[in-house]
Each structure stands twice: as C-alpha cells, then as structure tokens.
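Hello,

Here is the structure I promised to pass on to you. Have a look at it first, and then read on for what turned up.

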Amino acid sequence: MKLALFVALAALTLQADVRLPKYTRKQLPNGAVLIVIPRPGIPLVQFRVVVKGGNEADPAGLTGLSDITAQLLRKGAGKRSAAEFSTELDSLGGTFGAGSSETASFAAAEFLKKDFAAGLDLVSDAVLHPTFPEAEVKKLLAQSVERIKAVKDSPPQAINAYARRFFYGPDHPYGRVTDEASLGKITPQSIAGFHQRQYVGRNLIVVAAGDLDAGAAMAALEKIYGSVPAGTAYQYQPAKKPMPGGRLLLIDKPDATQTYFEIMQPGIRRNDPERTAVMLMNTLFGGRFTSLLNDALRVNSGLTYGASSRLTQSMESGTVSISTYTRTDTTEKAMDLALDVLKKFHDQGINAEQLASVKAYMKGTFPTQNLETTDQVASVVTDLEVYGLNKGEVDDMFPRIDALKLEDANKLIQKRYGTTDLTFVVLGNAEKIRAMLKKYAPQMVEVSVKEAGFGK
Amino acid sequence: MATIKHSLLGVLLSGGFLFAQNADVAKQTLSNGMKVLVQEDHNIPNVAMYLFYKIGSRNERPGTTGLSHFFEHMMFNGAKKYGPKQFDNEMEKSGGNNNAYTSQDLTVYQDWFPSSALPLIFDLEADRIRDLAFDPKIIESERGVVYSERRSSVDNNNFGILREQVQAAAYTAHPYHWPVVGWPSDIEGWTMEDLRAHFKMGYSPNNCTLVVVGDVNTANVMELAKKFLEPIPANTPPPPVRTKEPVQNGERRVTIRKPAQLPLQQIVYHVGDSRSPDSTVLDVLAAVLTDGQSSRLYKRMVDGEQLVLNVNAFANTTLDPGLFSFIVQPKGGVSLDRTEQVIYEELSKLQTTPVPPEELRKAKNQLLKQQYTQLKTINGRANLLGSYEVFKGDYKKLFEEDKEIEAVTAEDIQKAAKTYFTVSNRTVGTLIPETQK
C-alpha cells in the first residue's frame, strides 16, 4: 500500500514538470512569427530560423534546391564574404548549421550569452541577405555530387536514400532524392529565386532561446525581421499517393558481407489524430531495446546487432519501416523472422502488461528527448508552428499516453501494421541473395551502387 | 537508432569547461573502494547514471582480444535476482533506458531514467556486478550479435577498416595494437573460462567510479550506494599494463584496396597520455587546424584547393600514450599524395611560425564554447565528470579546464608541433578504391 502511494506520488511529480517552458510568441504584420524562450542557466543563446517549405517545395527536376540554398546561406551574406562569415563565427566560438527537411528549411546557431547581438547579426544576415556568389555555388554543387559517392560507401545511409526513392516513387515529393542529375540542373539563378520566393515574412518562424532577457530579445528580433517583405505564403500541395506495395528493390554491393534490408508500409502524417498511440505501438514493435523486433532478431537469435521499426512522419504520410542487417548467408532467416514478428504483432496484438510498460517508457524518455536543452525546446516549438499543432502536443502528452486503452491499441495495430502489399528494399551481395529474394514480392527491380542516382 | 545498444565509441574528451560556480559535486568513497560522484540538477525529472569500470582492450591479450567489449554485452544478459532479459525489461517498464560502450581503457555503463526509478536502478546494477550469470547458450547467441557489430563497424565500414589497420600499424607492442571489438578469430574463440576470469579481474567495486547527475537528492544517492553497492567486496584490480610502445623510428604506411566509390586517408602520430601537460595544447592545436570553416585545413583543403569533403584532426584521450589523428575524406580522383602533402605543409608552418594572437584566441573561444555545449545535458555532465575522474585522476580538473585552455601559448603549440609531428613518428593509411572486383 505504501509502495503504491509512493509510485502514484512520483508519477504526479513527474507529470507536473513535463511541460514546455513559458515563452513569448508574436506575429508581425509581415506574417513572421517571433518566439522568445528564456532558459537561464548555461550562458548560451540559440537562434533557430525556420522557413516553411523544404524538400517538398523543390521545383520538379531541381531536387535538393532547398537544401543547397540553405547550405549556401553562410557562403556570402550582406557585406561579408564566405570567409569573413566563418572567421567571425568561429572567433565568437559560435556554431551555425543549415539545411532542409521535407517540410521546412532551417538555420540553427548557438553563441555565448554575451555574444547575443553579434550572433543574431550573423544569423540574420545569412538568412535574409545571402549573396550566393557563383564560385561558392559551383563549389558546393561539386562537393554535393561527391557526397553522394560517400553515401554509397556507407550502406546504412545508402539504403535510406534508395528506400525513399523506391517506396514513394519519383512523382512523390518524398520520393525525389537529390542525385547527380538534379544537382546538375541547379543554378545560381534557381537558388536566388528559391530564396526570394520562400524566405519571406509569411513563411518565417524565428526563435531566440536560452539565457537571455526576453523583452530585449523580442525587440531585437522585431527590429530585424519586421522589415522582411511579407511575400506570398508557401502553399503546401498535397502529394500523390506513394507507389503500391508488392515490390522489391535489390541494390547490388558485391563487397558487402552482410545484407541490409527495410520492409516498408505507409505510416501516418505528423498531425494524425492517432499519432501518440502509433508512436507507443511502434516503440513496442521496434523502437526500444526490448521491442519485439530486437528481441527476436538480436536477443533470441543473435542474427543482428540491432533490429528496429522506424516511424517517419511529415506533412504527408510517412512510413513504418522494419530495418535491420544480418550476415549474407542468414538473410533469408532474418527476413522471414522479421515478417513473422510483424505477422504475430498484427494477428495477436499486445497485452496489458506490454501496454503499461511502453507507456512508462515513453514518459520516462520524453523529457530527455524533448525538453532538456534549449535547442530541443526551440526545435519542438518550431515544429508546432510548421505542422499547425499547439502546446498541448507537449503539455498533454502524458494524459494522451495514459488515455490509450488496450482494445484501441490492438485495433490500431491491425490497421497500421499490415502484412500484405509490403515494399522491400535490400542492399547486399546480389549474386548470393538474388534467387532467394524472389519469394518476397511479385515485382523485383535490381540496381548497382555503381550506377548514378538512387534507382530508376 | 534507439534500440541499438553497446557502441564502441571511445571517450573523446576535448577539454573541460569554465563552470567553477557549478562545482557542486559531492564525492564519497565507499568502504569497498568504489567512488561515487553526485551532482543534483532538477531541470527535468530525470537522472543519468554512469558506471566507469577501468577495464578495456588494453587489459586483454592475444587470443582474447575484444573480450572487454563482449563482456559489456554479457552484463545485460542476466544475473541472480534479475534473470535473462530482466535487466532491460525492468528498466524500460520503469521508464528508463540504457546503453554501454567499451574503449581501449574503459567499459562504461549508462542508465537514463525518471528519478522515481532510482532505487530499482541501484538494485539492477548491484545485482549484475555481484552475481552475473554465465549461461553457455546466451554466450553463443551474443557472440553472433558481437560479430554482427564487427561486420557493421569494421568489415562494411571503410573508415572502420582503415582505422583498424592504421591502429595496428602504429602500435606494434602495446595492447592498443588490437581493435576494441576484437579480431574475428578471437570473437569466434572466447571460452567460458575467459569470461569468468575477465569478470573477476575487472568488475570489482574498487575498479569502478559511479556518477549520478540529475533530479536526485545527494544524501539519498549516497544512502542507496551504501545499501546496494557497499556490501559487494573489493577485489584485486587488473594488473598494470606493463608493455610500453617502443619509440617509432620511421614512417609506417598501410594500404587497403577494396571496392569503394571514394578513397580515404588517415594519418596518425604518437603523442602523450591523458595526464600529459601537452594534452590541452594539442586540443588547441587541433582547433587551429580543423575546427570550423575558418580553420587552416578546412580553408585550404575543403574550400581553397577543393581536395577533400572533410578533414578532422583530434587527439585521443587515453590512459597510456595515444595518437593524434587526421581523418580525411578526399574527393574522387584527387591525388592522395597531394592531400598528404598539404597536411605536412600546414604542420610545418605550425613548427616554424607561432600562431598569431587572434587565431589563437579564436581556437580557445571555440574550445570554451564546446565545453558549455557538453554541459547542456545531465548525460553530458555525467560522462564528463566520470571521464575526468578516470583519465585525469580528479573530476575537479574539469573545472580547471578553462584555465588550462587559457594558459596555452603560441610557443606551446610550436613546441608540441616540433615534438610530435615528425616523419619518423607517423603512420599513414590510405584506402584506395578498386573499380573492379
């Protein structure tokens, strides 16, 4: 009895603390959303600028444009050359990173508290006044082509790129993967055009977070971002459906001594009403060490170092993807076992003990993954803006976890973890596994890592 | 990936930080010799617990290489009170998760959990140190897991293949010669007796430093440590590593040819151990060379001559004399003689010309800021506190690191460059793509 009371109290304390810190949000007349999150303690400040429209905003044939644009922001900005920008940034001990995800472009930078003004000036110059010098554009494009080769030397990275392309197909925004051909079409003009179109008030979310004075920080952001042209708000265009399942892509890497594979099916959107429940179920299925997949393929059989199920979520529906690797001669055994685990999960569902365990796990790991550092909080808050979610996403997370009933969990598993129409992507020594793979899908396509691009 | 456990990361210390006002760390040594460090932080309702066992691949011998790492895996496979799978099951159902890593010097266990699970975690950790089980079936299955890890981190990873061979060439006598994951034949060959002997040698409380950071009460942690860990008797720690690496008297070269899209290069020099006064000097020197896009090698190799995609310089932190490494990802078709040459030219400049004051200031600022970055999480702090305690002999050195960084002069850098970056002290490895197999 005493123990039960203790546990209940502990749970209450835990719950009370798991909330977004207080922050100020202001929308300017030009549409820009400014957010200031004060977090005293470690004397650092973080700036995060998010621009709605990421890879999905890349024009047809110019896949990678949003990412290349973001990477070039620091390569000449305002009156600073690329070299001057870097020297100034490094002299402050600052860090600056930029890129694009499926839904947004972003720049994130961190400075010592005392360098708030100098840091904000650097970041804002990069985001608002990049000059895209032709020499820097050429250099980055040439490096990006080489990076594709580096990706192909790394099987875990390579299979990801091939899998996206194959699962969604070339007509879907998430199936467009940056490759030699698309990089070859990107020009300084298309980059400047993308910047002019996308980096406008109506698409901007700007966050200052960390050990700062909230009022002064908001005033400083407003002064800079108030004068950005409002522009036209980026309109997200709903995508076509991904390709149908029942297909297998074999990527030949003759020197591979183990086979990497993914077994994919459609997942959910970031704002799917059942997202918390799906996250819980995916954690049980393949998102933690004791998950069904890892237990079967690693712990019980020693077939692999790790097996997981990855859930990707974005504006469009993402994927649920079983992902693992095993030595070449156990490929069939491992694939069959993975499918078997999926089938059991689908057919038999889970029990009350498993549900209780995964609920506790999600609650226990949520704070360190979302709320511990200033950059995590800044990232969570900008995500809310991009996906049109609210603070309840975090503040009500625990009640939402608690609310899931066993019966509903099992219904959800039947709906989301199908056993037919799966898409298979396999990377390995084709000669040794080709014949065996035919049983998994009626349609099989083969490519070599030596070929340009990530599939036909 | 969340479910992957037991990585082979070495502990890369790049210095400490300037958080003198935060030196609120409590330290106690239990009667069995186990050291306990506690730092309270109530920002989130979570705790990071680290156990640093001073046993790693340096404590192995030919025939049982990789045993420390294999043992790290076995520590999750059942003890007396909590049987097979229960360590993970109990921890996860209480909201916790865990991992572990093995390096040349250490085996480190990491637990992250909500503060409500603190007593359970102590119970779990005590159980496996006191009464680990050795089940032959599980040992065989785990052998497969470790071999899979080797295939992923070495055999199918070009950097892994190159690094392993360069390390083996740079060390001819000292145990740093062999890889932490172990040679394949040893992975296949370990016996039950090897495992038992290893456990007895390394896993005694007096060979361990426990670090707890997060939403805890210091007195409570000390009490739990006394209750769960103090009754475990002390044992003889691993014998000192006798073999010293002889001075290298000439350049060594390693070449690997295999199918690949891009070549790779690694250049290493022997330097001192973690307590060497040059350790911080080399951190500053490395920052001058490759930290940020204004660094010397980035400007020249990535940006100017466009020879490479990445170049990184860093000094390992190791109990015995370690290596200063350059890791280079050249672009395709680039001459590897040229990339090598450029690095030597830049090292020569460091030997002949003092680093200008503003450039030195820049490198120091970068390092100081990095220290703060590592402080952001309870996890980062637990790792740093324990690493300083083990590698530098006292966690308090962490809070002096800012002064150490500030004290580095241009002359120190010049002197270190002259001492270490000599032709006869280097080992050069290249991985050359074979177009046809």
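Predicted model: local features only at pLDDT ≥ 70, side-chain atom pairs only at ≥ 80, totals over all residues.

Strand β2 of chain B, residues 35–40, pairs with β1(B) in the antiparallel sense, and five bridges join the two. Both strands are part of an open sheet of six strands in chain B, in the order β1-β2-β6-β3-β5-β4, and the pairing across this sheet is mixed. Its edge strands are β1 (25–29) and β4 (97–102) of chain B, each of which pairs on one side only. On average, neighbouring strands here are turned by 15 degrees against each other, direction ignored.

A helix packs on this sheet too: α1 of chain B, residues 67–74, touches β4 and β5 (107–114) of that chain. The direction of α1 makes about 170 degrees with that of β4(B).

Now for chain B as a whole. Its secondary structure comes to 15 helices and eleven strands. The radius of gyration of chain B is 22 Å, close to the 22 Å that the globule rule gives for 437 residues, so the chain is as compact as a globular protein of that length. The C-alpha trace of chain B spans about 60 × 55 × 40 Å along its principal axes. Of the 437 residues in chain B, 54% are buried. Among contacts in chain B with a separation of 6 or more, 82% are between residues 24 or more positions apart.

Enjoy exploring it!

Best wishes

Terms used. Residues numbered from 1 in each chain as written. Chains lettered and ligands numbered in written order. Pairing = 2+ DSSP bridges. Helix = DSSP H or I, 4+ residues; strand = E, 2+ residues; numbered from the N terminus. Axes fitted to C-alpha atoms, helices over the stretch in contact; angles between N-to-C directions. Contact = placed C-beta atoms within 7 Å. Rg over C-alpha atoms; globule rule 2.2 N^0.38 Å. Buried ≥ 20, exposed ≤ 12 C-beta atoms within 10 Å, placed from the backbone.
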